[in-house]
Amino acid sequence: MGSLPLDALQPLDPDTFAADSSAVVDFLAGYYRDVDKYPVRAADLEPGRLRRLLPEAAPEFGEPAERILADVRRDVLPGLTHWQSPSFFAYFPMNASAAGFAGEMLSVGLNVVPFMWVASPAAVELEAVVVDWMARLVGLPDRFLFSGSGGGGGGGGGGVLQGSTCEAVVCTLAAARDRALGRIGHEGIVKLVVYASDQTHATFQKGARLVGISPANFRVVPTAAASGYALTGAAVRAAVEGDVARGLVPLYLCATVGTTGIGAVDPVRELGEVARRHGMWLHVDAAYAGSAAICPEYQGYLDGAELADSVSMNPHKWFLTNMDCCCLWVASPAALTAALSTDPEYLKNAGGGKPQAAAGAGAIDYKDWQISLSRRFRAMKLWFVLRRYGAAGMRAHIRRHVAMAEWFERAVSADERFEVVAKRRFSLVCFRLRGGGDAMNRELLAAVNASGRVFMTHFVVEGKFVIRLAVGGAMTEMRHVGDAWELVQRTAEQLLQRR
């Protein structure tokens, strides 16, 4: 695996491919064995560290893989936040797995670009099959499937694998916008209004701006502890009726199942009825908690999904599918493709292949379901995960993390110095130290994270600083959650003694 002379460069030589790939796999296996020895979050590093370590210019001649991997170990790993550490409890999980990695290797190794059916028929058809599998696993109604519940007749809807919720949001906002402008005319874009709660992910505000909705027409509807910080139908109805009275046009409503800050769940059916009454597009954002719906006991949180126009969830968060992978389902593929489709001459029936057929027949042009033209073979990765672990294995994976979070919640509740701030529904626990105010809780979180032993993040709800512990790492065990709680208790005791 030494450096290669210019006249011998064969980028896909099978022997070199096997040797370099084996070296990378061995490197990563060693990393996973030792990942808990690294500080979870890179601390005390100043911006620009890596630039100072690396050469000013790219090498003129190739280098051996071993040398590159040695530099990764020496220069890159110390500067990483280790998302796969068993003591990573920040943000939401982005868990990985051996099956996810194997599927990703197949995806990038085959390196096909399935933007049209003719560009890679099996890749397109596998994606249609996999999104239907996922829809059935999480209990979505048939209207979001390419095929009906019997596997035969079409459900009328369909799904696509995007890179992130952000992409899914922009696509659905564009579809909702064009559907509305088809009724009121393009000059009416200044009247369109988007509704979300103060717990909704900020990506919806970004997406609304990107599709031309005025920031002044984005309604952030307040929530309260009384509703579990869920967006209520009454609050949305009041906001919508006020806008209609002013001559504005309700466009889009987001219902979230498992909000980022505290894991709140919006009542999908209640919001769906408001959306139907006012002709709004209803999107259900289940980016994090959608994975839990593979377990029957959590499917009730999606009750009312038949009233939605679109639903999204991210297998790359909690479903052991390495980045990136977001499932987006729509009830009306025609509404999505009407906003996103292009038909340049150079893509028409390329190569004399089978002409475009009905979506139910599998000949889908996924370029018209997304922002970009090119796309990755994500279906291979998700398919591999589903095949390797099965539905039963994935349910056990989810329930294991929920059980850990339940234990942590009980431990916090049993310590009178702490309080659980919001009801835990999945694997996220939000808590704070009583009596010390926001300053002490900020100090507590900073000290815990500075230890390098765990990494957690925070949220602010009703003006209170809250510490978040999100369980979801593929290698996280009960002992890691227990260690995190002991560290929190010990650090809190030190802070309280000093005060």
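View A. Val 193 stands opposite Pro 250 in E4. This is a predicted model, in which local features need pLDDT of at least 70 and side-chain atom pairs count only at pLDDT 80 or more, while totals for chains, interfaces and linings use all residues. Residues are numbered from 1 along each chain as its sequence is written, and side-chain values use heavy atoms, with hydrogens and water left out. Strand E2 (residues 192–197) and E4 pair in the parallel sense over four bridges; two strands pair if DSSP finds at least two bridges between them. Helices (H or I, at least four residues) and strands (E, at least two) are DSSP runs, numbered from the N terminus. E4 also runs parallel to strand E5 (residues 281–285), joined by five bridges, and here Tyr 252 has Trp 281 of E5 as its bridge partner. From E4 the chain passes through helix H9 (residues 268–277) to E5, a right-handed β-α-β crossover. Right-handed means that, with the strands pointing away from the viewer, the path from the first strand over the helix to the second runs clockwise. Why is E4 largely enclosed by the rest of the structure? Eight of the eight residues of E4 (residues 249–256) are buried, so the strand is largely enclosed. Buried means under 20% relative accessible area, exposed over 50% and partly exposed in between (1.4 Å probe, protein chains only).

**View B. Strand E2 pairs with E3 as well.** Four bridges connect E2 and strand E3 (residues 218–221), which run parallel. Ala 196 stands opposite Val 220 in E3.

**View C. Four antiparallel strands make an open sheet.** The strand order is E8-E9-E11-E10, with antiparallel pairing. At the edges are strand E8 (418–420) and strand E10 (457–461), each pairing on one side only. From one strand to the next, the twist averages 40 degrees. E10 and strand E11 (residues 464–470) share five bridges in the antiparallel sense, and Val 461 is set opposite Lys 464 in E11. Helix H12 (residues 378–414) packs on the sheet, touching E8, strand E9 (428–433) and E11, and its direction makes about 20 degrees with that of E9. Axes are lines fitted to C-alpha atoms, for helices over the stretch in contact, and angles run from 0 to 180 degrees between N-to-C directions. Contact means heavy atoms within 4.5 Å.

**View D. Aromatic rings meet across the chain.** Rings of Phe, Tyr and Trp (its six-membered ring) pair if their centres lie within 6.5 Å; planes under 30 degrees apart count as stacked, over 60 as edge-to-face and the rest as tilted. By this rule there are 20 aromatic pairs. Phe 204 and Tyr 252 form a tilted one, 6.4 Å centre to centre with 45 degrees between the planes. This pair links distant parts of the chain, with Phe 204 in helix H7 (residues 203–210) and Tyr 252 in strand E4, 48 residues apart. Phe 204 is buried at 1% relative accessible area, and Tyr 252 is buried at 0%. Tyr 288 and Trp 318 are stacked, at 5.1 Å centre to centre and 15 degrees between the planes. Tyr 288 lies in the loop between E5 and strand E6 (310–313) and Trp 318 in helix H10 (residues 315–318), 30 residues apart.

**View E. Arginines sit over phenylalanine rings.** Arg 468 lies over the face of Phe 92, at 5.1 Å from the ring centre. The charged end of Arg 143 sits over the ring of Phe 144, 5.7 Å from its centre. A charge sits over a ring if NZ of Lys or CZ of Arg is within 6 Å of the ring centre and within 35 degrees of the ring normal.

**View F. Leu 336 is a buried residue of helix H11.** Leu 336 is placed in H11 (residues 333–340) and is buried, at 0% relative accessibility. Its C-alpha atom is separated by 7.1 Å from that of Cys 171, 165 residues apart along the chain. Leaving aside neighbours within four places in sequence, Leu 336 is in contact with Cys 171, Thr 172, Ala 175, Val 330, Asp 368 and Trp 369.

View G. A cis peptide bond joins Met 323 and Asp 324, with omega about -5 degrees. Asp 324 is in the loop between H10 and strand E7 (326–330). Leu 320 lies in the loop between H10 and E7; its phi is near 60 degrees, a positive value in a residue other than glycine. Is Leu 320 buried or exposed? At 9% relative accessibility, Leu 320 counts as buried. Asn 111, which is not a glycine, has a positive phi of about 55 degrees, and is exposed with a relative accessible area of 59%.
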